[in-house]
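Open the model in your viewer and keep the selection tool at hand. The stops below are meant to be taken in order.

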Amino acid sequence: MRALFGFVLLACMTGNAQAFEWRALEWRVGVAYASGLSEVTDLHEDNLRAEGLEADVDLKFPLGITAGVTYDWPSGMRADLTLGPTFFIGGDVSHFELPVGASIGYNFAPNADVSPYVRAGVIHHIASGDYESSTNPGLLVAAGHDFQRLTIEVAFDDTDVEFEAAQCDAEGNSRPGFETLNTYEVIASVFWRFR
């Protein structure tokens with residue numbers, strides 16, 4: 001809630017002395033595909049096998065729920081706060097990941113029915129699970145098209161998540177170690193827009 005208040009306050013104070021307009025505030029809810037999650041399931045399966053257990057990690061198709069809020073200025077500038085896409089991995093292990101991001105960008109045709117845009121900012125993944133060790137914030141770069149009620153976007157996320165990982169030595173013995181993965185890498189999203 002504090003982040004939303006800060007976002008609204010920033011929107012009020014910025015711009016060419018133009019007042020904040022609620023109609024420029026937009027909510028988005030959608031679904032997203034993330035390309036790097038198969039590496040997370042592979043790591044969990046390898047860890048289970050190294051422990052002598054049967055590997056059963058469930059992630060049939062990496063689709064997650066995502067949401068955000070955008071403020072558009074008449075100049076074409078925009079500010080975005082995003083949440084997600086969130087993913088859960090279940091079965092013999094558990095893993096949960098929820099990215100939180102903030103970005104600024106530019107709409108190329110803000111008053112048109114179809115407006116291409118670009119945005120860039122920072123993103124941090126809140127992650128927890130059986131083998132998750134730590135996360136490092138990363139950069140987010142995205143491009144998309146706003147339609148009247150729909151947005152299509154492709155984003156690149158370079159956030160790193162560190163996991164405990166079983167590593168084999170030359171004799172085939174496993175020992176504990178760590179592996180860093182870019183768990184999302186490429187994100188393809190479809191949002192429904194609400195003003």
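The tour goes from strand pairing to cavities, then to salt bridges, a loop and aromatic rings.

**Before selecting anything**

This is a predicted model, in which local features need pLDDT of at least 70 and side-chain atom pairs count only at pLDDT 80 or more, while totals for chains, interfaces and linings use all residues. Residues are numbered from 1 along each chain as its sequence is written, and side-chain values use heavy atoms, with hydrogens and water left out.

**Stop 1: strands around E12**

Select strand E1 (residues 25-34) and E12. Helices (H or I, at least four residues) and strands (E, at least two) are DSSP runs, numbered from the N terminus. E1 and E12 pair in the antiparallel sense, over eight bridges; two strands count as paired if DSSP finds at least two bridges between them. To see one of the contacts, pick Tyr 33, whose bridge partner in E12 is Ala 188.

**Stop 2: the largest cavity**

How many cavities of 30 Å³ or more are there? The count is two. A cavity is a set of points, on a 1 Å grid over the protein atoms alone, where a 1.4 Å probe fits but cannot get out; lining residues have an atom within 4 Å of a point. Grid points are joined across faces, edges and corners, and the volume is the space filled by probe spheres set on the points.

For the largest cavity, select Thr 66, Thr 82, Gly 84, Pro 85, Arg 119, Ile 123, Leu 140, Glu 153, Ala 155, Ile 187, Ser 189 and Phe 191. Two or more residues of this lining come from each of strand E4 (77-91), strand E6 (115-129), strand E9 (150-157) and strand E12 (185-194). The space inside is about 90 Å³. Its lining has six nonpolar, four polar and two charged residues, where Ala, Val, Leu, Ile, Met, Phe, Trp, Tyr, Cys and Pro count as nonpolar, Asp, Glu, Lys and Arg as charged, and the others, Gly among them, as polar.

**Stop 3: the second largest cavity**

Next, select the lining of the second largest cavity, which includes Arg 28, Arg 78, Asp 80, Tyr 117, Arg 119 and Glu 153. This cavity holds about 60 Å³ of space. Which element gives the most to the lining? E4 does, with four residues; strand E3 (63-72) and E6 each supply at least two. By class, the lining has four nonpolar, three polar and five charged residues.

**Stop 4: salt bridges**

Show the charged side chains. The whole structure has six salt bridges, each a side-chain nitrogen of Lys or Arg within 4 Å of a carboxyl oxygen of Asp or Glu.

Start with Arg 119 and Glu 153, whose closest N and O atoms are 3.0 Å apart. Arg 119 lies in strand E6 and Glu 153 in strand E9, so this pair ties together parts that are 34 residues apart in sequence. Arg 119 is buried at 7% relative accessibility, and Glu 153 is buried at 5%. Buried means under 20% relative accessible area, exposed over 50%, and partly exposed in between (1.4 Å probe, protein chains only).

Glu 26 meets Arg 28 at 2.6 Å, N to O. Glu 26 is buried at 0% relative accessibility, as is Arg 28 at 4%. Arg 78 meets Asp 146 at 3.3 Å, N to O. This pair links distant parts of the chain, with Arg 78 in strand E4 and Asp 146 in strand E8 (residues 138-146), 68 residues apart. Arg 78 is buried at 1%, and Asp 146 at 3%.

**Stop 5: a loop residue**

Move to Pro 74, in the loop between E3 and E4. Is Pro 74 buried or exposed? Pro 74 is exposed, at 55% relative accessibility. Pro 74 and Asn 111 are 37 residues apart in sequence and 8.3 Å apart in space, C-alpha to C-alpha.

**Stop 6: aromatic rings**

Finish with the aromatic pairs, of which there are four. Rings of Phe, Tyr and Trp (its six-membered ring) pair if their centres lie within 6.5 Å; planes under 30 degrees apart count as stacked, over 60 as edge-to-face and the rest as tilted. Phe 88 and Phe 96 have ring centres 5.0 Å apart and planes at 40 degrees, so the pair is tilted. Phe 88 is exposed at 58%, whereas Phe 96 is partly exposed at 22%. Tyr 106 and Phe 108 have ring centres 5.3 Å apart and planes at 80 degrees, so this pair is edge-to-face.

Note on methods
1 Å grid on protein atoms, 1.4 Å probe; cavity = no way out; pocket = protein on both sides within 12 Å on 5 of 7 lines; lining within 4 Å.
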